[in-house]
Amino acid sequence: MKKRIIALVLASCMTMSLMACGGKTEEAAAPAEPATEEAAPAEEAAPAEEAAPAEEAAVDPSNGEIVDGKFVETRKITVEIYDRGNDGGSDPTNNMYTEYIKKGMLEDHNVEVEFVAVPRWTEVEQINNLLAAGDAPDICLTYDYPTIQTYANMGGVLDMSTYLADYKDMLPNLFNWLGDTNIYWNRDPQNGTVWAIEGKRAVTARINTFVRQDWLDQLGLQAPTTKAEFEAMLVAFRDNADTLLGADADKMVPYSISYDVGWRAATLIESFMDPAISGREYYVNGFDDRKFTENGTKEAVRLINKWYNDGLIWKDFALYGSGDATEDDMMKAGYVGAFTHNWDYPWRNGTDSIAANLVRMVGPDAKFVAIDPFEDSKGTHTKFITSSAGDRKIFFPSTNEEPVACMLYLDWISDPEHIQYLQLGDEGVTHTVVEEGVYASMAAEGEAIMNSGQNIDYTITCNGLNLATPESTLKSLAYSYAEADPADVANAYEIAMTDSRAERNVNVGAITAEEGMGPALSEKRDIVFDTAVVASVDEFDSIWDAGYEDYLSSGGQAIIDERTEKWIATFGDVAEQP
Amino acid sequence: MKASKTNIVAVQKKKSFGVYMKRYWQLYVLLALPLVYLLIFKYIPMVYIQIAFKDYSIVQSVWEMPWADNNGFEYFIKAFKNRDFLFALRNTLFLNLLDLFIGFPIPIIFALILNELVFKNFKRVVQTIAYMPHFLSWVIIYGLALQLFAPTNGLINMLLNNMGFESIPFLNESGHWVATYIFLGVWQSFGWNSIVYLAAIAGINPELYEAASVDGAGRFRKMWHITLPGIRSTIVVLLIMSLGNILGSGFDRPFALQNKLVMDVANVISTFVYKNGIKGLQFSLTTAVGFFQSIICVFFLLLANWISRRLGERGIW
């Protein structure tokens with residue numbers, strides 16, 4: 001009897017707990033199901049269906065749905081926001097900046113906004129899961145256009161072109177800020193679809209090389225202006241490790257790179273490229289943003305390989321994955337002599353920046369300054385900077401039921417006033433006023449901490465400082481890093497823009513060979529870069545050539561061929577686009 | 001005649017099921033829930049194996065997706081044309097076989113040694129320490145490995161350098177990496193895997209040992225003639241299970257331990273699937289790869305079971 005009772009109790013307990021679990025999963029899955037089922041009809045029907053009222057709206061803006069830019073009935077949209085998981089950061093979906101946006105959107109357009117956090121470093125995977133589950137935010141963004149193209153081919157993305165055309169009058173800020181260039185950047189030349197619009201880079205500077213100014217001073221060296229001088233400087237760092245680091249001499253790293261050699265030696269690689277490279281050659285080899293197949297990359301890596309074998313490069317570089325802090329920690333601790341990175345890298349992250357840590361751990365004189373040491377064959381210092389696009393791409397998944405409200409959101413977030421507030425925050429809390437129109441960032445605390453520099457994660461159409469007037473922006477840029485010397489920042493910006501060459505938009509339609517190949521090819525490229533750098537000098541050629549061959553045969557050549565073909569089909573057999 | 005016989009069998013079966021049901025219904029009720037769990041989380045998802053034969057779309061239901069070319073086998077053909085997949089297949093087999101040859105006997109040896117220890121407390125301490133790594137995630141183990149084995153900053157290489165030796169490229173040279181991979185795998189799991197053997201050893205009748213002692217058998221004789229035969233069936237069952245996993249390999253171990261310098265040996269099927277399928281959005285291709293992997297695993301499982309039954313063991317069913 002007892003046994004029976006116990007069994008019954010146990011069984012019912014298990015049932016209950018299972019039911020509880022089952023209930024939850026069902027609930028979670030519920031919104032997904034109709035979405036996936038409806039998706040196919042929605043994809044076909046939505047543009048047509050929505051287009052009709054849209055046209056009406058254009059004719060008669062007061063058709064009852066929207067009056068004075070405000071929805072009559074409150075709409076609800078969800079917006080993707082990167083979660084960077086910073087130490088001491090705030091909840092990216094709920095802080096004083098999100099409150100500002102939510103309040104503004106509700107007042108201006110009667111739209112309720114909810115933020116959906118997506119981890120910054122696994123964004124593509126995460127969005128993937130959300131899309132497959134039908135749970136993707138109404139406004140999605142990613143840096144990776146091929147991903148959007150792949151989703152679009154599966155029918156997972158809304159075509160924005162109708163909304164852009166029909167509601168243009170209601171989106172003045174969006175069109176003013178992005179311009180037709182960025183809005184129609186990805187428009188298909190054949191059928192006019194717009195799967196995504198391009199956020200704009202307010203600051204197009206890209207990469208700089210930095211060196212420890214105090215080490216140069218200590219050894220009586222001048223800042224190098226050529227590769228030969230740069231190499232001599234690295235050798236001097238290596239040979240004087242005892243002087244520079246004392247007891248820590250064995251930790252000396254003259255030049256530091258990461259596993260991502262193509263990025264972390266980008267200016268060096270660019271200096272080996274033909275400065276007269278044609279637009280066509282650049283584009284055809286442009287699938288890989290690390291310039292793996294461009295004309296000079298091999299020779300650049302050969303030089304790095306030589307440096308590696310001479311003990312000038314961090315030996316452990318390939319062992320740490322992306323996002324690992326080990327290398328940054330070495331810079332902060334003062335073991336690194338020189339490195340190449342984002343043009344403002346030493347000053348990012350306020351009190352936790354490399355510059356601030358270096359002062360704390362080494363001394364007040366210790367600092368990194370930008371230099372321009374890699375000359376090209378013409379003697380200039382060509383740097384490929386970003387175009388105004390090339391930042392985040394914003395797209396609406398096909399599960400988006402409020403495309404108009406989302407368009408209004410993009411307009412709202414592109415309003416210069418709103419951008420300025422989000423970038424600067426409150427006076428005395430996140431910035432101080434240096435003089436009229438010149439703002440200096442200060443280290444914020446608690447709620448006011450920005451999870452991303454200048455809140456770029458919220459200003460999704462704008463990356464980089466962009467204040468109400470261009471003069472104000474330029475002057476404030478140097479002051480926009482808390483605890484950084486404005487003169488150093490201004491100098492770094494100037495160097496990063498020296499002999500710069502902006503990328504042009506080449507739109508010849510979707511390249512099908514690129515689909516789904518990004519991650520696999522990037523991985524191959526990194527493997528070739530890394531194994532070639534650590535090869536012995538004699539083996540360098542064979543390792544590079546074998547890896548290069550494998551890259552081409554695994555899809556790289558197909559992309560180059562299709563790009564060439566479509567270039568010729570669109571512009572004719574010419575070297576530059578008209 | 002035949003018909004009536006089957007009828008009787010059926011009736012008997014029906015009857016016996018009813019009888020058992022009545023007698024042990026509490027146990028069946030308890031069993032029902034795990035079965036429901038298996039059904040929901042293991043069998044229903046198998047519907048999506050279809051993706052391997054279809055052109056995947058993120059927004060369509062799996063039933064609506066169009067069939068792939070070549071009678072649905074487009075992606076299998078693609079996989080076998082993909083050199084990376086073939087390398088991943090080779091690496092998976094190679095690493096798992098090494099794991100089997102080196103990693104399989106060690107827990108048995110460890111259990112035998114532990115069983116011979118006289119001091120109970122010492123035995124317990126050793127056992128607990130040997131378990132511990134099992135509870136560490138591979139990411140943490142890689143962190144430890146970097147601290148110990150990295151070429152310039154690793155403790156062991158720093159010691160070697162101070163004693164005047166060259167650094168050993170534990171992690172950054174393919175051959176050494178394989179050794180490190182296997183070593184870390186064994187280190188992480190041997191303590192935990194020895195539990196089953198220890199339990200089996202505990203079940204051996206102590207009178208056998210006494211009788212052997214009377215006959216003058218020493219420690220090794222007893223180990224060889226009593227302990228090992230006593231746990232033989234356990235060993236066989238575990239061997240079958242590991243053979244069933246010969247193409248399996250978890251994801252976290254190779255993924256956490258690999259780096260760009262050793263990808264020629266470190267890229268295995270699970271990481272290939274992750275990189276191409278989840279990051280590269282080639283779902284059909286990688287489902288095909290995963291499906292192929294499962295089929296091979298089932299094949300090995302059946303084969304191992306068949307062999308063990310031919311050799312007079314019970315197998316796992």
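What is the relative accessible area of A:Gln454, and is this residue buried or exposed?

Tutor: The model is predicted: local features need pLDDT of at least 70 and side-chain atom pairs count only at pLDDT 80 or more, whereas totals for chains, interfaces and linings use all residues, and side-chain values use heavy atoms, with hydrogens and water left out. Residues are numbered from 1 along each chain as its sequence is written, with chains lettered from A and ligands numbered from 1 in the order in which they are written.

A:Gln454 has a relative accessible area of 14% and is buried (buried means under 20%, exposed over 50%, partly exposed in between, with a 1.4 Å probe and protein chains only). The loop that holds A:Gln454 runs between strand S15 (438–441) and strand S16 (462–463) of chain A; helices (H or I, at least four residues) and strands (E, at least two) are DSSP runs, numbered from the N terminus. Phi of A:Gln454 is near 50°, a positive value in a residue other than glycine.

A:Asp499 also has a phi near 50°, positive in a residue other than glycine. A:Asp499 sits in the loop between helix H20 (486–497) and strand S17 (500–502) of chain A. A:Asp499 is partly exposed, at a relative accessible area of 35%.

Among contacts (heavy atoms within 4.5 Å) in chain A with a separation of 6 or more, 76% are between residues 24 or more positions apart.

One helix pair in chain A can be described in detail. Helix H14 (residues 297–309) and helix H21 (residues 518–534) pack at an angle of about 45°, and their axes are 7 Å apart. Here axes are lines fitted to C-alpha atoms, for helices over the stretch in contact, and angles run from 0 to 180 degrees between N-to-C directions. H14(A) and H21(A) are therefore oblique to each other: angles under 35 degrees count as roughly parallel, over 145 as roughly antiparallel, 65 to 115 as roughly perpendicular and the rest as oblique. On the H14(A) side the contact involves A:Thr297, A:Val301, A:Ile304, A:Asn305 and A:Tyr308, which meet A:Phe529, A:Ala532, A:Val533 and A:Val534 of H21(A). The residues of this contact divide into 7 nonpolar, 2 polar and no charged (Ala, Val, Leu, Ile, Met, Phe, Trp, Tyr, Cys and Pro count as nonpolar, Asp, Glu, Lys and Arg as charged, and the others, Gly among them, as polar).
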